[in-house]
Amino acid sequence: TGMLQHAIFTIPNRAEGYTTDDNARALIFTVLLEQLGRDQFGNTELPNPDWPFRYLAFLEHAFHPEKKRFRNFLGYDHHWKEDQGSEDSHGRALWALGTLLARSENQGSRGAAGRLLEFSLPAALEFSSPRAWAYTLLGIQEYLNSYPGDRDAQKVRSVLSLRLLEMYESIRSPDWKWFENVLAYGNARLPQAMLLVGSACSDDRMVSAGLEALDWLSKTQRCETNRHFVPIGSQGFYHQGGAKARFDQQPIEAAGAVSACLQAYRVTGDSRWRTEAWSAFNWFLGDNDLQLPLYDSVTGGCRDGLHPERANQNQGAESTLSFLMALLEMRSLQQSERPEK
């Protein structure tokens with residue numbers, strides 16, 4: 001069916017079922033893994049070649065053709081819990097489809113993904129969530145890298161990126177360089193989208209905003225004494241004028257920081273951003289407030305976060321995929337910087 005959402009320790013939690021969120025992440029990961037194998041070893045074979053088909057089929061099943069929206073929560077009994085999922089889940093699905101279209105060499109998958117993208121992309125123009133805008137932009141830019149002449153996709157990219165930029169410029173102040181009045185979840189994906197689209201469109205205003213916001217976020221998510229990476233905690237977040245929530249720290253934040261900092265490195269060539277990416281990645285390996293690894297080398301999974309006194313021992317899909325995607329990006333960085341023989 002797809003990837004289950006949660007785990008009880010390392011055992012899949014069937015009671016919680018599946019989500020479009022996680023199966024979109026899984027599709028992105030397997031497509032990138034396939035590409036890395038192709039680029040490094042000339043080998044396109046995945047450990048399980050059915051993975052991308054399974055996750056793409058889940059997205060196809062999740063799409064509600066009448067509402068033109070993706071559903072998100074599917075029970076283990078294969079009954080949908082809703083007719084329409086969140087804007088963020090829809091954006092992640094678009095991100096996954098765009099990634100597949102840009103990077104997969106399987107023509108059947110590309111045909112199915114292109115059809116689904118065509119049906120599902122217009123809904124993004126109605127979204128109000130800045131994270132949904134960002135996820136959509138990540139997918140659109142992937143798609144346009146391979147299909148640069150698609151006018152409809154160009155229009156959606158232009159509208160959503162301008163909204164995100166105008167939101168940043170309206171909220172930004174000398175001591176609060178951010179898109180909203182709160183640092184919440186999935187934070188780094190916002191400047192990442194600005195940098196990706198801005199560099200593709202040669203928009204200096206957008207690139208400048210993305211770099212400024214990411215610089216401020218990176219300094220905000222750093223330990224005052226030991227200088228290690230400290231993501232904004234999910235138990236209260238960080239509201240402007242308030243205190244930063246230290247816990248619970250989530251793997252999704254570290255993975256997003258890795259991606260955004262590597263995008264800044266690609267845009268600027270400044271090695272500072274490579275260092276920032278490694279700092280966020282090393283959070284998974286124990287360079288964090290508790291000096292405890294989130295990555296489990298026995299199972300290959302990732303623990304669900306840091307509590308004030310311990311790591312959460314459950315190894316769910318979001319956490320595990322966050323680590324694996326960050327690992328893949330750091331491996332790709334090392335491969336790209338390896339001297340040619």
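This is a predicted model: local features need pLDDT of at least 70, side-chain atom pairs count only at pLDDT 80 or more; totals for chains, interfaces and linings use all residues.
Visitor: Let's start with helix 10. Where does helix 10 run, and how many residues does it have?
Guide: Helix 10 covers residues 271-285, so to speak a run of 15 residues. From its first C-alpha to its last it reaches 21 Å, close to the 21 Å expected at 1.5 Å a residue.

Visitor: Which residues of helix 10 are buried?
Guide: W273, E276, A277, S279, A280, F281, W283 and F284. As background, an α-helix has 3.6 residues a turn, so residues three or four places apart point the same way.

Visitor: What covers the buried residues of helix 10?
Guide: The cover includes helix 8 (204-220) and helix 9 (251-268), along with strand 9 (305-306) and helix 11 (317-336).

Visitor: Switching to H228. Where is the place of H228?
Guide: H228 sits in the loop between helix 8 and strand 8 (238-239).

Visitor: Buried or exposed, and why?
Guide: H228 counts as buried because its relative accessibility is 5%, and the cut-off for buried is under 20%.

Visitor: What does H228 touch?
Guide: Leaving out residues up to four places away in sequence, H228 touches Q221, R222, C223, S279, D287, N288 and D289. S279 in that list is also one of the buried residues of helix 10.

Visitor: Which side chain does H228 join in a polar contact?
Guide: That of D289, at 2.7 Å.

Visitor: OK, R131 next. Where is R131 found, and is R131 buried or exposed?
Guide: R131 is in helix 5. With a relative accessible area of 3%, R131 is buried.

Visitor: An arginine, then. What does the side chain of R131 make a polar contact with?
Guide: The side chain of E180, at 3.0 Å. Not counting residues up to four places away in sequence, R131 touches D88, E180, A184, Y185, G186, N187 and L190.

Visitor: Where is the place of A188?
Guide: A188 is in the loop between strand 7 (182-183) and helix 7. A188 counts as buried, at 3% relative accessibility.

Visitor: What does A188 touch?
Guide: Setting aside residues up to four places away in sequence, A188 touches L217, G256, A257 and A260. The C-alpha atoms of A188 and L214 are separated by 7.0 Å, and these residues are 26 apart along the chain.

Visitor: Which residues line the largest cavity?
Guide: R25, R92, W95, Y135, G186, R189, I252, A255, G256, L321, S322 and M325. Helix 3 (87-103), helix 9 and helix 11 each supply at least two residues of this lining. By class, the lining has six nonpolar, three polar and three charged residues. G186 is also touched by R131, and G256 by A188.

Visitor: What about the largest pocket, how much space lies in it?
Guide: About 680 Å³. The lining has 28 residues, and L32, R103, R266, E329 and S332 lie nearest the centre.

Visitor: Which helix gives the most to the lining of the largest pocket?
Guide: Helix 11, with seven residues. Among the others that each supply at least two are helix 1 (20-41), helix 5 (130-146) and helix 7 (189-200).

Visitor: How do the residues of that lining divide?
Guide: Into eleven nonpolar, ten polar and seven charged.

Visitor: And by class, what does the lining of the second largest pocket have?
Guide: Twelve nonpolar, ten polar and no charged residues. The second largest pocket has a volume of about 400 Å³, and M3, Q315, G316, A317 and T320 lie nearest its centre. Helix 11 gives the most to this lining too, with four residues.

Methods:
Residues are numbered from 1 along each chain as its sequence is written. Side-chain values use heavy atoms; hydrogens and water are left out. The expected span of a helix is 1.5 Å times one less than its number of residues. Buried means under 20% relative accessible area, exposed over 50%, partly exposed in between (1.4 Å probe, protein chains only). Contact means heavy atoms within 4.5 Å. On a 1 Å grid over the protein atoms alone, a cavity is a set of points where a 1.4 Å probe fits but cannot get out, and a pocket is an open set with protein on both sides within 12 Å along at least five of seven lines; lining residues have an atom within 4 Å of a point. Ala, Val, Leu, Ile, Met, Phe, Trp, Tyr, Cys and Pro count as nonpolar, Asp, Glu, Lys and Arg as charged, and the others, Gly among them, as polar. A polar contact is a pair of N or O atoms within 3.5 Å; within protein, one must be able to donate a hydrogen and the other to accept it, and residues adjacent in sequence count only if both atoms are side-chain atoms. Grid points are joined across faces, edges and corners, and a volume is the space filled by probe spheres set on the points.
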